[in-house]
Amino acid sequence: MSAIVKHRVRGMPAQDGAGVRLSRVINQPAFRHKDPILMLDEFKSDDPNDYIAGFPPHPHRGFCTLTYMLAGNMAHKDSTGNEGEISTGGLQWMKAARGIIHSEMPKQKDGMMWGFQLWLNLPAAEKMDDPEYADIPGGDVPEVAYEGGKVRVLSGEFAGQTGPVKAPGREFLYLDFRMPQSATFELPHQGQETRLLYVYQGAITIDGITAEAGELMELDADAKVPLSIEREGHFLLMAAKPIGEPIAQYGPFVMNNEAELRQAFTDYQNGTLTQ
């Protein structure tokens with residue numbers, strides 16, 4: 001691609017849950033995953049038929065999920081007794097670890113539902129930890145004025161602000177850039193080897209390569225990234241330190257080998273996944 005842009009891919013149409021229509025950006029044939037980021041989905045529709053069925057109770061083991069809402073309302077409930085609702089600008093962070101059964105259901109019957117779900121892997125030493133959960137209202141997410149636009153700091157540190165999502169050991173950076181047309185600036189570089197950028201509105205140009213809304217760029221780990229914005233570019237910047245361990249995944253279970261995957265299925269079938 002270029003010295004800076006290593007790969008570019010467009011999200012592909014998919015369905016998940018009870019038939020929710022979405023775009024699968026990471027964890028698709030053209031881009032499987034980038035350690036430790038396992039999956040990124042974008043769901044966006046003002047047609048309730050595309051989202052109203054939601055994501056009824058389903059299991060997870062071995063990783064973390066992060067749901068980020070741009071518009072709409074989603075209720076969450078899990079097998080450990082946690083329950084909450086996130087709305088525009090809010091986040092829901094869940095460390096599934098050894099096991100959790102979780103549901104995500106729309107709390108609206110019409111209007112725009114727009115957001116993202118990201119999966120972040122856990123190292124072997126943490127895969128069987130106790131689950132953790134946090135609902136984070138939009139008002140608790142720091143916002144920074146930057147180059148004529150603004151940046152919402154979801155995780156990590158940026159411009160003196162620290163995001164509310166904590167992922168110890170991964171140096172996880174998750175920023176939502178909302179930049180005006182014709183802005184030109186340099187992306188922050190904090191040394192994380194995995195650096196991904198997803199455009200969700202407008203268009204941006206890096207090293208002569210333009211990405212439109214719905215496209216992901218994998219960026220060089222070491223390069224400074226000069227970037228220009230077209231049509232009021234909004235994008236997510238995700239960066240993290242790789243774990244460097246084998247990944248064995250089947251559906252909602254992410255472990256280190258096939259034997260651990262089989263055990264996860266057995267535990268779920270026996271009703272002991274969350275014990």
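These notebook entries record what I looked up in the structure.

**Entry 1. Ground rules**

I am working with a predicted model, in which local features need pLDDT of at least 70 and side-chain atom pairs count only at pLDDT 80 or more, while totals for chains, interfaces and linings use all residues. Residues are numbered from 1 along each chain as its sequence is written, and side-chain values use heavy atoms, with hydrogens and water left out.

**Entry 2. The largest pocket**

I began with the open space. A pocket is found on a 1 Å grid over the protein atoms alone, as an open set of points where a 1.4 Å probe fits, with protein on both sides within 12 Å along at least five of seven lines; lining residues have an atom within 4 Å of a point. The largest pocket holds about 440 Å³, a volume being the space filled by probe spheres set on the grid points, which are joined across faces, edges and corners. It is lined by 25 residues, and D16, R24, M39, W119 and G251 are the closest to its centre.

Which strands supply at least two residues each of the lining? I noted β3 (20-26), β4 (37-45), β5 (55-60), β11 (113-121) and β23 (248-250). Strands are DSSP runs of E, at least two residues long, and helices are runs of H or I of at least four, numbered from the N terminus. The largest share, 5 residues, comes from β5.

By type, the lining has 11 nonpolar, 9 polar and 5 charged residues. Here Ala, Val, Leu, Ile, Met, Phe, Trp, Tyr, Cys and Pro count as nonpolar, Asp, Glu, Lys and Arg as charged, and the others, Gly among them, as polar.

**Entry 3. Salt bridges**

I counted a salt bridge where a side-chain nitrogen of Lys or Arg lies within 4 Å of a carboxyl oxygen of Asp or Glu. The structure holds 15 of them.

One joins D41 and R24, at 2.8 Å from N to O. D41 lies in strand β4 and R24 in strand β3, so this pair ties together parts 17 residues apart in sequence. Are these two residues buried or exposed? Both D41 and R24 are buried, meaning under 20% relative accessible area; exposed is over 50% and partly exposed lies in between (1.4 Å probe, protein chains only).

A second salt bridge pairs D267 with R61 at 3.0 Å, N to O. D267 is in helix α1 (residues 258-270) and R61 in the loop between β5 and β6 (63-71), so the pair links parts of the chain 206 residues apart. D267 is buried at 11% relative accessible area, and R61 is buried at 2%.

I also noted R152 and E143, whose closest N and O atoms are 2.9 Å apart. R152 is buried at 3%, whereas E143 is partly exposed at 42%. K6, K34 and E218 are linked in a network of salt bridges.

Q92 sits in strand β9 (residues 91-95) and is buried, with a relative accessible area of 0%. Its side chain makes a polar contact of 3.4 Å with the side chain of H76; such a contact is a pair of N or O atoms within 3.5 Å, where within protein one must be able to donate a hydrogen and the other to accept it, and residues adjacent in sequence count only if both atoms are side-chain atoms.

L237 belongs to strand β22 (residues 226-240) and is buried at 2%. The C-alpha atoms of L237 and L187, 50 residues apart along the chain, are separated by 9.0 Å.
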